[in-house]
Amino acid sequence: MKVSMLTLGCKVNQYESQVMLEQLCREGFSACAKGEKPDIVVINSCTVTATSDQKVRQSVRHARRENPDSVIVLTGCMPQAFPQESAALLEADIVLGNANRSALGEDILQFLRTHDRVIDIAPHENGETFEKMQVHTFFERTRAFLKIEDGCNRFCSYCIIPYARGRVRSKSMEDLQAELQQIGENGYREVVLTGINLSAYGQELGLTLCDAVEAACRVPGICRVRLGSLEPEQLSPAVIARLARQEKLCPQFHLSLQSGCDETLRRMNRHYDTAEYRRIVEDLRRAFPNCAITTDIMVGFAGETGEEFEKSLRFAEETAFAKVHVFMYSRRRGTRADTFPDQVKNADKEARSRRMIAVTRETQRAFLESQVGLVQPVLFEQTTRDGRWEGYTPNYTPVRVESSDSLAGQIRPVRLSAREEEWCVGTLV
């Protein structure tokens, strides 16, 4: 039977979707080729915002309309965090949580035998260990994502993820090294280390994120090591100095900010202030010349006044981020912030979002223009609609070049000659 995977959400979800697909293939199923009709559709969900939940519901209903005779499976973060709402999506034949993901094949076989809906959502438990999982191939030909950490202990006041993912737990060094070796042997030029709270890697094992980075950098065949989203307060001067000794580590750091206002950060239950964040950015820029600092910024959080927003806007402009994901606060039932007073009106959120996007697009343009004139190694991935080859520099500057030859999977030096919109153009050296 042929299986189609639909992944919503983060890079961790992408990795886990590939884990589930490989697991099903080992159990006798096969991956559905493009254009084929699937017998089974697995939807790996995200629940980080209310908008994410709406996308999940739409995806489940669309999958049922398009595949009336297929088995529809809903799994991932939404069933784990909101089991009753997920079970109420009657278009799904199987609803499976994150905590017992390994039961996917067994649940499918049970449904095929009985045609009775399967609701299989087990709670996360304190003391649970990192789920054994390994990926041999990935959706992209040049870049592999490797999940090394799961769970979060932070309980930011707006976030449902600790309930969907449980507490922090980390991939063992033995398993990490084995998977890295496999990734290198399979020809991937770049590996991206990911996690729900990546900065917390190894805290229960007596390890740190530096240990994981060093293990990845030692693997022959892997030319680049990149980090997923990071919580800032873990990046002490000693950690930054240790990371800077790894020549394969890409100088791009997605350093989660959320707000550039200290009062707002306190209500969010974030564990740093703007002074500490600024110091970390300065330390990174000294240790990694020409590095890119990217981030997420939320506008319209509960209680955010106009003055607080202006502080956040000024901080974003002063920090001069290379790229920013701006999003409006979305209330999440089950979080403390959902009950906070002084919820911001949608019209104010939208106005603040437009202003923040305008300011951070200017800092993005300035960063891209600062790259013009440099010669940078670019890992090429694919062609664009206009036929140019597209790839990324170590600091994740998107680059497009003209070439009649295939550049897929190659790392080639490129002279960056100009900025176009949200990327640079250049010529092969």
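This note goes through the sheets, the helices packed on them, a hairpin and an aromatic pair in a predicted model.

1. Basis of the values. In this predicted model, local features need pLDDT of at least 70 and side-chain atom pairs count only at pLDDT 80 or more, while totals for chains, interfaces and linings use all residues. Residues are numbered from 1 along each chain as its sequence is written, and side-chain values use heavy atoms, with hydrogens and water left out.

2. The six-stranded sheet. Six strands form an open sheet with parallel pairing, in the order β2-β1-β3-β4-β5-β6; strands (E, at least two residues) and helices (H or I, at least four) are DSSP runs numbered from the N terminus, and two strands pair if DSSP finds at least two bridges between them. At its edges lie β2 (30–31) and β6 (118–120), each of which pairs on one side only.

3. Pairings within that sheet. β1 and β2 run parallel and are joined by two bridges, with Val3 opposite Ala31 in β2. The chain passes from β1 through α1 to β2 in a right-handed β-α-β crossover, right-handed meaning that, with the strands pointing away from the viewer, the path from the first strand over the helix to the second runs clockwise. β1 is also joined to β3 by five bridges, again in parallel, and here Met5 stands opposite Val42 in β3. Further along, β4 (residues 71–76) and β5 (residues 94–96) pair in the parallel sense over two bridges, and Val73 faces Ile94 in β5.

4. The α1 and α5 contact. The axes of α1 (residues 11–26) and α5 (residues 104–114) come within 9 Å and cross at roughly 60°. The two helices are therefore oblique to each other, given that angles under 35 degrees count as roughly parallel, over 145 as roughly antiparallel, 65 to 115 as roughly perpendicular and the rest as oblique. Met20, Gln23 and Leu24 in α1 meet Leu104, Gly105 and Ile108 in α5.

5. The four-stranded sheet. A second open sheet has the order β8-β7-β9-β10 with mixed pairing, and its edge strands are β8 (169–170) and β10 (224–227). β7 (residues 143–150) and β8 run antiparallel, joined by two bridges, and Asp150 stands opposite Arg169 in β8. α1 packs on this sheet too, touching β7 and β9 (190–195) at about 100° to the direction of β7, whereas α7 (residues 173–185) touches β7 and β9 with a direction about 170° from that of β7.

6. The hairpin. β17 and β18 (residues 423–428) pair in the antiparallel sense over six bridges, with Glu420 opposite Trp423 in β18. They form a hairpin with two residues between them, and Glu421 in the turn has a positive phi of about 50°.

7. An aromatic pair. Among the nine aromatic pairs in the structure, Tyr277 and Phe321 are edge-to-face, at 6.3 Å centre to centre and 65° between the planes. Rings of Phe, Tyr and Trp (its six-membered ring) pair if their centres lie within 6.5 Å, and planes under 30 degrees apart count as stacked, over 60 as edge-to-face and the rest as tilted.

Terms used: Axes fitted to C-alpha atoms, helices over the stretch in contact; angles between N-to-C directions. Contact = heavy atoms within 4.5 Å.
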